[in-house]
Amino acid sequence: MAQVSTASLLAGYARAAGVRHIFGYPGESVIDFMEASRQQGLELVSAVREATAAFMAEAAAMATGQPGVCLSTLGPGSTALLNGVASATLDRVPVLAISGQIESSREQVFTHQVVDHGRMFAPVTKLALRLDPASASSADAVARKALRTAVAERPGAVHLTVTADAWPAPAGDSEGLIAAPPLAAAGTVDVHAGGDPLRDLRAARRPVILAGAAAVRCAAGPELARLAERAGIPVVVSPMAKGVLAEDHPYFAGVLDMAGHRVLWDLLSGADLILAAGFDPVELISPWSVRTPVLHADTTPNTDQVYPSRCELVGNVAAIVGWIAAQWSGEPRWAEADVAAHRARLRAAWQAGRAEGRLNPSDVVAIARDAAPAETIMTTDVGSHKIMAGQAWQARRPRSVLVTNGLSAMGFGVPAAIAARLTLPDRPVIALVGDGGFAMTATELRIAAELGLPVTVIVFADGSLNRIELRQQLMGYPAAGTRMGATDLPALAEAMGCDGVRVDTPAALEKALSDLDGRSAGARPLVVEARIDPAQYEVQF
Ligand SMILES: Cc1ncc(C[n+]2csc(CCOP(=O)(O)OP(=O)(O)O)c2C)c(N)n1
Ligand SMILES: [Mg+2]
């Protein structure tokens with residue numbers, strides 16, 4: 001096999017892993033890799049800054065299930081990348097983050113812009129690797145190791161530093177590019193510890209399933225629906241698992257720790273067994289406070305020990321749930337009507353505090369959901385609006401709601417929407433974001449406009465970092481550092497080649513979103529400044 005440069009080899013691996021876009025920000029130390037990627041047909045999407053580029057890579061991976069790749073230069077580029085890399089790790093999303101570095105000959109003594117990537121990225125990645133000219137002959141194994149580690153359960157970010165002089169260095173023989181590396185675990189199920197999990201489940205009279213992000217990674221939706229229907233068990237999902245069971249399914253029972261959360265914790269504490277199916281405690285916003293016994297089923301053993309579990313089922317979550325469903329016998333434990341009554345209580349809880357004649361946060365979500373085609377991808381940011389959207393947005397498919405609920409970093413929603421539309425160009429994309437998070441990332445919309453991506457961004461404009469202001473209120477403090485002056489968002493949108501509109505009533509919002517279906521490729525992005533009344537949140541959280 002002909003020898004290739006390290007830059008070409010890495011770009012080739014990214015391509016073979018299903019990557020089509022590299023999200024990054026240029027710098028001298030990565031020019032060789034940018035060119036090699038271009039030659040391999042990869043599109044380099046230059047974000048406004050590195051942190052948003054990393055969010056884009058994360059969101060592309062969330063939407064497609066394939067690893068995402070982001071790129072930065074050394075020093076100020078890599079430090080800016082850090083937040084998005086940490087996000088991928090805590091959200092359990094496979095991302096390969098690549099940074100250039102000063103030439104290896106100068107690395108130990110030169111100080112301008114040089115930070116130690118290995119030490120900086122270690123706490124926020126699964127693995128931090130480095131290539132220099134001396135190790136370039138192992139670039140093949142390093143690339144395989146980086147990608148395999150990123151996608152292995154639990155997935156996360158891997159960081160790779162490449163010194164500027166390593167890019168052109170010969171990479172040594174390639175063992176042959178891997179296609180997409182295997183995701184999740186294989187179809188076997190290991191049973192750990194004591195007891196008989198099937199007997200425990202059959203003995204339960206009021207069991208509840210709690211499905212999490214690993215259920216999405218294992219595509220366990222059909223098996224979850226089968227078990228729910230055969231055994232009559234309601235299914236609660238975590239925010240990052242939204243859509244794993246269609247939210248109009250008769251056994252769908254709500255989203256944990258989003259609006260109306262007390263109703264869900266009541267359901268879990270009233271249950272006599274919780275089947276945790278791929279649930280990852282990284283998503284807990286409230287501490288785990290229920291004493292209900294838990295049957296742990298996941299790709300990973302119960303190493304978190306947030307709850308005790310007498311018996312653990314470890315393997316592919318779809319295989320585990322399918323195995324349980326196949327062996328189920330007995331009467332359904334819950335009637336559909338009981339689950340419907342629970343959903344009605346939950347709905348009343350997230351609508352509580354809704355004031356007639358105002359534009360309430362729950363109205364914005366409901367109107368957007370009604371206007372959006374079924375196959376829409378919704379992204380959200382972090383704050384009170386996410387807690388509302390996480391519950392009130394009805395998801396119909398897995399990977400159709402992109403939300404960070406591991407790191408929960410503000411600034412995710414807008415770049416995620418851009419990446420989703422780029423990677424899945426046939427799907428309508430709508431972002432529901434706060435005015436604080438929008439201010440952090442608004443200028444990314446210039447890129448959406450340039451690329452002709454007709455994403456719709458609805459900004460919950462409340463002039464407040466509401467989630468934090470509410471905490472201040474609860475603690476008896478005045479709002480300090482949590483109020484923001486208004487920005488003319490339609491004017492800002494126009495300045496970036498987007499359409500913009502301001503609404504402050506439900507009717508105006510409906511009108512602004514009336515042609516969501518018709519916004520096809522090439523149309524301008526749309527920014528809707530939704531002047532909400534945030535009073536509803538006070539009753540909620
Ligand atoms: C990068 C980052 N900084 C700070 C926080 C802490 N934080 C969580 S929610 C929030 C307020 C968000 O305000 P906004 O975007 O306006 O949304 P709202 O709560 O008003 O809906 C803040 C500051 C965070 N999660 N991420
Ligand atoms: Mg706000």
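1. Buried means under 20% relative accessible area, exposed over 50%, and partly exposed in between (1.4 Å probe, protein chains only). At 0% relative accessibility, Phe 33 counts as buried. Trp 167, at 1%, is buried too.

2. This is a predicted model, in which local features need pLDDT of at least 70, side-chain atom pairs count only at pLDDT 80 or more, and totals for chains, interfaces and linings use all residues. Residues are numbered from 1 along each chain as its sequence is written, and side-chain values use heavy atoms, with hydrogens and water left out.

3. The structure holds five aromatic pairs (rings of Phe, Tyr and Trp, the last by its six-membered ring, with centres within 6.5 Å; planes under 30 degrees apart are stacked, over 60 edge-to-face, the rest tilted). The rings of Phe 33 and Trp 167 have centres 5.0 Å apart and planes at 20°, so this pair is stacked.

4. Trp 288 and Tyr 307 have ring centres 5.1 Å apart and planes at 50°, so their pair is tilted. Both residues are buried. Together with Trp 265 and Phe 279, Trp 288 and Tyr 307 form one aromatic cluster.

5. Asp 435 is buried at 14% relative accessibility, and Asp 462 is buried at 18%.

Notes: Chains are lettered from A and ligands numbered from 1 in the order in which they are written.
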